[in-house]
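Please read these points with the sequence and the model side by side. They are meant for someone who is new to such notes.

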Amino acid sequence: MKEHPLLKSKPKMIGVLTSGGDAPGMNAAIRAVVRTAINKGIRVLGVNNGYQGLIDGDVVEMDLRKVSNTLHRGGTILKTARCKAFYNLEGQIKGRNMCLEMGIEGLVVIGGDGSFRGAKALTALGIPTVGIPATIDNDISCTDYTIGFHTALNTVIDAIDRLRDTTESHNRCSVVEVMGHGRGDLALYASVAGGGTACWINDPDNRIGFNVERDIIYKMRTTLRTGKHNFIIVVSEGITDVHELAKEIQEKTGVESRATVLGHIQRGGEPCAFDRILASRMGFHAVELLEHAIGNRVIIISKDEVTDMDINEALEMPGKVNYRMLEINSAINI
Ligand code: ATP
């Protein structure tokens with residue numbers, strides 16, 4: 001492992017914080033960071049409220065028992081926040097100075113890509129920082145999966161299954177709006193797993209060119225002729241007004257249609273086994289990097305291997321659309 005120029009030896013103390021939107025599995029990641037570090041003889045300060053807590057010096061010393069019984073809990077015991085001050089150099093310097101004052105020699109930031117930009121800034125100011133991707137949106141291109149995505153996916157599928165019971169009983173169409181922050185993974189995976197007749201997601205390259213007439217109305221009319229009278233249509237947030245879309249579907253197909261916006265229930269709940277394990281693996285790896293004096297990295301999972309990547313490289317990676325999965329959805333859900 002290559003030595004980071006800013007960090008000469010194994011740190012005596014590191015910090016950990018959660019930032020951006022909360023995601024199930026953040027606690028499992030905090031727990032892994034704390035316990036791995038303590039095992040290696042490194043003290044850990046938990047920073048409350050993301051970068052705001054860093055600026056304010058709002059910290060708590062973490063011991064083994066501080067993270068007991070958190071593995072299965074959603075949300076984050078360190079709280080999370082969006083901190084405007086950290087977008088500016090002045091705020092970042094305050095954060096760096098607070099680290100120096102408190103003896104934080106390395107930092108683990110658990111959050112999304114915005115949080116990694118903060119991590120990059122801190123590293124440039126001399127505090128080696130490692131990012132762990134945690135967001136339900138799976139919108140961080142460098143990693144196959146982010147912590148929280150699979151839990152949110154299970155929550156969405158559970159909601160779709162429930163909606164299916166009622167759409168089936170009433171011969172209705174349910175239009176379901178799913179979160180995603182401009183990225184369609186949550187909607188797309190949920191559609192494949194939940195039997196969405198159509199799935200409308202952002203497609204920045206316009207390779208699909210989603211068309212309501214062709215991809216929803218025509219498909220529903222064709223499917224009606226095969227004897228199916230209930231439908232689930234999955235739409236990623238921010239694309240269209242799902243209530244208006246439900247009206248249009250009802251007018252054009254004659255199938256009674258309702259829209260459901262799933263909203264913040266998608267962010268909560270106990271992390272599933274996959275997210276607990278992913279968070280444990282990533283937290284362990286993050287501390288190993290700081291122990292070996294390596295910062296400015298993002299932890300990723302690629303082909304089931306947990307490894308790491310340069311933050312700048314990670315932030316430059318363009319968003320991707322899983323066209324294969326879209327093709328599968330369209331072929332199977334008929
Ligand atoms: P999510 O994807 O769940 O929204 P995120 O980490 O992308 O998570 P953001 O709100 O974008 O969420 O960022 C979280 C915090 O990270 C911001 O409130 C800010 O404090 C810090 N941050 C974001 N972008 C930058 C930046 N360009 N420079 C410095 N700090 C930043």
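1. The model is predicted, so to speak of local features a pLDDT of at least 70 is needed, side-chain atom pairs count only at pLDDT 80 or more, and totals for chains, interfaces and linings use all residues. Residues are numbered from 1 along each chain as its sequence is written, and side-chain values use heavy atoms, with hydrogens and water left out.

2. Around the ligand there are 16 residues, of which R82, C83, G112, G114 and S115 come nearest; a residue counts here if one of its heavy atoms lies within 4 Å of the molecule. By class, this shell has four nonpolar, nine polar and three charged residues, where Gly is counted among the polar ones. Helix α4 (residues 113–124) gives the shell its largest share, five residues, helices being DSSP runs of H or I with at least four residues and strands runs of E with at least two.

3. A polar side-chain atom of S115 lies 2.5 Å from an oxygen atom of the ligand, while a backbone N or O atom of G114 lies 2.9 Å from an oxygen atom of the ligand. A backbone N or O atom of F86 lies 3.4 Å from a nitrogen atom of the ligand.

4. Strand β10 (residues 297–302) and strand β11 (residues 305–310) run antiparallel and are joined by six bridges, where pairing requires that DSSP find at least two. I301 stands opposite V306 in β11. The two strands, β10 and β11, form a hairpin with two residues between them, and K303 in the turn has a positive phi of about 50°.

Conventions:
A polar contact is a pair of N or O atoms within 3.5 Å; within protein, one must be able to donate a hydrogen and the other to accept it, and residues adjacent in sequence count only if both atoms are side-chain atoms.
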